[in-house]
Amino acid sequence: MAEKAIKLWFFSSLVWLALGPLIGALMSLQFLWPNALNFLADFNFAYSKARIFHTNLVIYGWIGMSFVAAILYIIPKLCGTELKYPKLAYWAGWLWNLAVLLNLILIWAGIVGNPLLSIQPYEYAEAPLLVDILIVLCAVAVIFSVHSTVLARTKPTLYVSVWYLLGGLYTTAITYLVGNFLVLAFSGLGNQIIHAWWLHNAVGLFITPLGLGIAYYLIPIASQQPVYSHRLGILGFWTLMAFYPGTGLHHFLQMPMPTWIGEFAVVSSVLLAIPVLAVVVNHLATPAGNWRKIFDSFPLRFAIFGSVYYLFTCIQGPFQTTHAVNWFVHFTEWVQAHAHLALTGAFTCYGIAAIIYIFPRLTGRQLYSRTLANWVFWIMAVVFPLFYLGFTHSGLVTGISINILGNTIYETISAVWLARLFRTLMGAGVVLGFLLFGYLIVRSLQIGPKFAEGMNEVAEPVLARAERRVTA
Amino acid sequence: MQHQHQPWQAPSEASGVYWVLVVLVGAGLLAFMLWALYGKMRPRRWTTAGYHALGALVIIMTLFTLVLYIIPANQAQQIPPTARAWDWKPGETIKDPGGSGLEGEPYRGYLVYLANGCTYCHTLYLRPEDLKTGWAEGAKPDEVSQMGDFVHFPFTMLGTQRDGPDLSIIGRKIPDMKYHIDHLVDPRKFKPKSVMPTYRYLSERDLRDLAAFLVSLGNEPQKLRAGVTPTPPPAEDPRIAKGRELYRSAGCVACHSVDGSPNVGPTWKGLFEHEVEVVLPDGTETKVLADEAYLRESIEQPAAKIVKGFQNVMPSYAGRFTDEELQALIEYIKSLR
């Protein structure tokens, strides 16, 4: 039953991975050939709704579900016990899928003024109240199942990953309740301030701790090295928990509001450099004695790349929250590029690493093609950074044109057209990578060679190697 | 920079509780970091009770920061509203100030704005920084947003992204529901370079309410309830009526106001037979009298004489109007004294 639960979360996440980024690539055409997307209006649909589809699918469909799948797998392993209440986790998986689907339907329907069925005005928390309630039910079920597992552990001490995953589940719950329910108690500008708290903590207290917990599990086990430093682990975890919750208001730095709470957000954001450096040093120093593994192990490759992207994201983050930079890049695509660096770069790499690691152990089959896995990897390693650069370039040009030269936004549209074309092309490449990855997994279900513990997650090209040996 | 600060806005005036908390947490974190880096580690003492305490600490830390946000959120709710603060109740309607006779519900329009995700490309606040940039075309310095402007909103969608212009004063700049509806249905009819999607799928009621909401932005609710533009005199030249219609349908309204307020282009109010400071294509500045010939030239060849202080973004309308229509438009401008 536990296996069934993990499989459900795991394969559902792949479906949403195929869909979410695809919608993103499609809607980027709006900026290139706006008339070409007029047909969407025939389905009561427009770019602005597609954007909600895109963010919600990626966050709740792909990242949320793949991370929960990984948690359901990792926690019992680290606690030396079976998953408790697997039935609960299994049905929570179905309910979560239902919630994501219902969310899409209600966003599409765009019902006006219904307290239960209308979109909520909070970015990344657009889900109507009805969907929110379903998601809370799922979260409670998952937390109950995971926490029971931790309590039933046979090993007395908890490994770093368990802190992150369990702590992360609880902060996820708090954040979600604030962003979707508490915020309803405020109106006017107060509403915006509580919304800001949610806005960044959706990334900081939901996706980040879960993603880092998964990486803390995968990197040592895939490189067969102990974690570099326990102290850095402690430092990274607690400073993350201390500094992250306050950062949200940097999204609205120049809005009319009490300056001191903005200052607090900026200081928090800059201090985030501490947990980030602690975590990334720990991740990158762990395989130090055994770097050769990176040629061999795909989970290690993806997880390490995830940590590298995480480092870039989080160096960029504190930099852009300072007033001097923020007024310039704010409102431009620079910020969206930053969000993609975190979610597409860092956390999707962690998700892919987790899937490649867990798939053989769950289904008893290796991934069937090294070539295809390599393609996915190089797309994430080469095409994705180009996509990110195109995105950032577009944001910078917008910033220069409007903030420095004083052009209006209509005059700027033609100036960024080429950058946006580049972004769309590279983005389509990244989407292709995800589709290939989905194909790789599904095909491996059918023709993947048998897997036994100790074998590589991705099948070695046995025939080719044997032939080479013969010719030599 | 006319940004008005509330007295407690400055960090030094935050509440005493806030500072006590900040000092406590700061000192605690510093001590913790020193311990984590240099202190003695005794792993065996990590008992179950210890883990529970740490787990509780995670939750407390998160909630503590949340409280730090709740304090200003509460304070922000108690700010007195400004005179121009958006204040429309459910069910209340406004009449189109553009004179088309349409009526719409601004409050419901705000919900339509929400349901269709307008906030992902448009913001509803002007920063002081924006005045020096191209973000705030036609904005007056005192139109920079203040805290009191948002008091009556049931929820706020200030927005984090600008793929299109800021809308916080759109109603003051273009007080015309019919124009907004036409623009929502086909944005590129008026702004050829616009990348905005078409919202032709909205129901007529949704469009009307959304347009009413747009018109309500940047106008004082009291004035809008009373009607911002005076009703035209009953016995007017039919050409003027035709010109007024063209002003809207040809999109002039998007850039030129008729009540003297600033926008992308110069206002038409009091334009006729007044001296205008213009810049010629070669850069020389001169003054011309705004007579019929000047108006005609400005419509057909906007680049020939650009009014000082404005950028030349206007497309040429040569060939777009018949002679009769052009004359009607000029008559309309003449009537705006």
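Start with the fold of chain A: among contacts between residues at least 6 apart in sequence, 83% join residues at least 24 apart. Contact here means C-beta atoms, placed from the backbone, within 7 Å.

Some ground rules. This is a predicted model, where local features need pLDDT of at least 70, side-chain atom pairs count only at pLDDT 80 or more, and totals for chains, interfaces and linings use all residues. Residues are numbered from 1 along each chain as its sequence is written, chains are lettered from A, and ligands are numbered from 1, in the order in which they are written.

Chain A has 17 helices and zero strands. Those are DSSP runs, numbered from the N terminus: H or I, at least four residues, for helices; E, at least two, for strands.

Now the inside. Of the 472 residues of chain A, 60% count as buried. That takes 20 or more other C-beta atoms within 10 Å of a residue's own. The largest nonpolar core holds 238 residues. Such a core is a set of buried Ala, Val, Leu, Ile, Met, Phe, Trp, Tyr and Cys residues joined through C-beta atoms within 7 Å. H2(A) supplies its largest share, 22 residues. A:Leu72 and A:Ala303 have the most contacts inside the core. Leaving out residues up to four places away in sequence, A:Leu72 touches A:Ala5, A:Ile6, A:Trp9, A:Leu83 and A:Ala89.

Last, the partner. The contact takes 73 residues from chain A and 77 residues from chain B. On the chain A side, H6(A) gives the most, with nine residues.

Methods:
Two residues are in contact if their C-beta atoms, placed from the backbone, lie within 7 Å. A residue is buried if 20 or more other C-beta atoms lie within 10 Å of its own, exposed if 12 or fewer, and partly exposed in between; C-beta atoms are placed from the backbone.
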